[in-house]
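Here are my notes for a first look. Please keep the structure open while you read.

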Amino acid sequence: LLQRLGAVLLRQLRDAEALQALDAALQAPQPDTVNLQNQSGIVLKRLGRYDEAWQALTQAHDGAPDNVGIWVNLGDCLNEMGRRTEAAQWLTRALQAAPQLQEARVNLAASYLGLERYEEAAQLLEQALAAGHRSAAARLGLAEAWMHLGRSSHALALAREVAATAPDHFE
């Protein structure tokens, strides 16, 4: 029950409350430890507590080393920590195992943007958008890649589109 409450609060972006529920669930007898550690890692990352998030996610990985979703979360956490090369390794592995995971594609593109690999980032983001992924982060990432690749008019148009459809992303 506490785990389900934590998952609901996580979806509602009520991170502090979700973390409390997930911590309580981890203390309960025989919890689904891997899932709880993964969810705790996500919440801790959202709260900017990256070292703790990394610890929770690596523990989740230890319990389920073949879980592609955990690989994506590890890569995303590493991106947030500025460890782009390591992030790219986890995300490449995830994308090879599950090419349909657009989140892995977008996060790998974020790694490449941080590594100044703009052509590869643009290609990944164009693929994600073609597959229906429409997050503001993906579109702004593509605009950034295009700007560095000399496609400034395309970049500006895409940034304007994001500003019109997701203005809260610019706050």
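1. Contact means heavy atoms within 4.5 Å. Among the contacts in the chain with a separation of 6 or more, 43% come from residues 24 or more positions apart.

2. Some ground rules. This is a predicted model, where local features need pLDDT of at least 70 and side-chain atom pairs count only at pLDDT 80 or more, while totals for chains, interfaces and linings use all residues. Residues are numbered from 1 along each chain as its sequence is written, and side-chain values use heavy atoms, with hydrogens and water left out.

3. Confidence. pLDDT is the predictor's confidence in each residue, from 0 to 100. The chain averages 89. At least 70 is the score of 89% of the residues. Read helix α1 (residues 2-11) with care: confidence is lowest there, at a mean of 63. Confidence is highest in α6, at 98.

4. Overall build. The chain has ten helices and zero strands. Both are DSSP runs numbered from the N terminus: helices are H or I with at least four residues, strands E with at least two. Of the 171 residues, 42% are buried. Buried means under 20% relative accessible area, exposed over 50%, and partly exposed in between (1.4 Å probe, protein chains only).

5. Helix α4. The expected span is 1.5 Å times one less than the number of residues. Its buried residues are Ala53, Ala56, Leu57, Ala60 and His61. They cover an arc of only 140° around the axis, so they lie on the same side of α4. That arc is taken from the directions from the helix axis to the C-beta atoms. The face turned away from the buried side carries the exposed residues Asp51 and Asp62. The buried residues of α4 pack against α3 (33-46), α5 (68-80) and α6 (84-97).

6. Ala60. Look for this residue in helix α4. Ala60 counts as buried because its relative accessibility is 0%. Leaving aside neighbours within four places in sequence, Ala60 is in contact with Val34, Gln37, Asn38 and Ile70. Ala60 and Asn35 are 25 residues apart in sequence, yet 7.0 Å apart in space, C-alpha to C-alpha.

7. Helix α6. Its 14 residues should span 20 Å at 1.5 Å a residue, and the end C-alpha atoms are 20 Å apart, which agrees. Ala87, Ala88, Trp90, Leu91, Ala94 and Leu95 are its buried residues. The buried residues of α6 pack against α4, α5, α7 (102-114) and α8 (118-130).

8. Asn79. This residue is found in helix α5. Its relative accessibility is 6%, so Asn79 counts as buried. Not counting residues up to four places away in sequence, Asn79 touches Arg84, Ala87, Leu91, Asn107, Ala110 and Ser111.

9. Charges over rings. The test is NZ of Lys or CZ of Arg within 6 Å of the ring centre and within 35 degrees of the ring normal. Arg93 lies over the face of Trp71, at 3.8 Å from the ring centre. The charged end of Arg83 sits over the ring of Trp54, 5.3 Å from its centre.

10. Which residue deserves a backbone check for its positive phi? Glu116 has a phi of about 60° although it is not a glycine. Most residues other than glycine have a negative phi. Glu116 sits in the loop between α7 and α8. Glu116 is exposed, with a relative accessible area of 58%.
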